[in-house]
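The entries below follow the order in which I looked.

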Amino acid sequence: MTSPAQSRDITLLELLDRILDRGVIIIGDVTISVADVDLIFLGLKLILTSVETAERMRQGGMEETVGLQ
Amino acid sequence: MERRKKGFYIYCVAGVDTFFEELKVEGIGRSMKVYPIEYGDVCAVVSDVDLDDFGDTMLERNLSDSEWLESNLRGHENVIEEVMRNRAVIPFKFGIIFSAETRVKELLEQNYDEFKNLLNKLKDKREWAIKVYCNIEELKRALRKSNAKINELKEEISKKSVGAAYFLTKQVEDILSKEADQKVVRYAEEFCRKFREFADNSTLSPLWSREITGKDADMILNATYLVDAKKENLFLSIFQSFKEHVDDGLMFECTGPWPPYNFVSLPVRRILDD
């Protein structure tokens, strides 16, 4: 039961799952832009690669990560 | 030189507290200056970000840069964890940025009652995640030993001709698969119910595939619980006892304490949807 921010691997996935919502959002007087969801998955793909699932990701494709919500 | 446009990155909402004057934690963009913007007795915990980093072009580049993404996700989490050490927090998701301080105050003002109410409900409570995995092959091996009907069939197989034995073997496999599936469902329900006894609230999330978890076992439960500080020890001891005493190819994982991400619905969404 380590602190989530300290241990890597699965907790990084959990962190992604918890805090990435629908992209980066800017709320302002004129600017409201919601980042393209694909961008988030692009980021996810790279970050997942760093979580030792690189081989599996390459085999499984990115569709699976949609399961992260 | 052109002046860069500043944005206010919001981490969480909490009660006003002198604690924030001393807050030293590395947030988004490695910013060490994390501070509160107050409205009455609630505040938003923010730090200044360079809007250029979150503009369309840079954002695309940054999000595809795993180092940038990881360090900023952790920055986001670090700040909230620091704040939640001694007080209730309403954690925000990653990447919510306001262009002006007055906008942040508006958010607090417009949602004041809701924030107060939520902070009250979340007082002394933290989020814990329970994930259970099952290696079906191992479960089947265990069932193969204990199931009487299967033992009977196995006995028969040894006496049959090759052709008949083939069909009986297939029958055994079918029974095993079906039983394993039922057992998994029963286990998931049992664990889910047991943990819930010690929680104030719970949510179930979609199961992650093996590709995501990188495990040689299937996830059979992905649950999150909101647990009161007073019940945390009990909750964790239940986890320990499952982990130590339940075999059948099952693996248990518990992470936390997390900010209660899964137990807040942010009014920001509504603002965005307008």
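**Aromatic rings and charges over them**

Over all chains, I find a count of 14 aromatic pairs, and I keep in mind that the model I am reading is a predicted one.

I looked up Phe191(B) and Phe242(B), whose ring centres are 4.6 Å apart; their planes stand at 70°, so I note the pair as edge-to-face, since planes over 60 degrees apart count as such.

Next I turned to Phe195(B) and Phe235(B), an aromatic pair that is tilted, with 5.2 Å from centre to centre and 50° between the planes. Because Phe195(B) lies in helix α7 of chain B and Phe235(B) in helix α9 of chain B, this pair ties together parts that are 40 residues apart in sequence. Phe195(B) is buried at a relative accessible area of 0%, and Phe235(B) counts as buried at 0% relative accessibility.

Which residues form one aromatic cluster? I list Tyr187(B), Phe191(B), Phe195(B), Tyr225(B), Phe235(B), Phe242(B) and Phe252(B).

Last, I looked for charges over rings, and noted that Lys33(B) has its charged end over the ring of Tyr35(B), 4.4 Å from the ring's centre, while Arg87(B) lies over the face of Phe20(B), at 5.9 Å from the ring centre.

Key. Residues are numbered from 1 along each chain as its sequence is written. Chains are lettered from A and ligands numbered from 1 in the order in which they are written. This is a predicted model: local features need pLDDT of at least 70, side-chain atom pairs count only at pLDDT 80 or more; totals for chains, interfaces and linings use all residues. Side-chain values use heavy atoms; hydrogens and water are left out. Rings of Phe, Tyr and Trp (its six-membered ring) pair if their centres lie within 6.5 Å; planes under 30 degrees apart count as stacked, over 60 as edge-to-face and the rest as tilted. Helices (H or I, at least four residues) and strands (E, at least two) are DSSP runs, numbered from the N terminus. Buried means under 20% relative accessible area, exposed over 50%, partly exposed in between (1.4 Å probe, protein chains only). A charge sits over a ring if NZ of Lys or CZ of Arg is within 6 Å of the ring centre and within 35 degrees of the ring normal.
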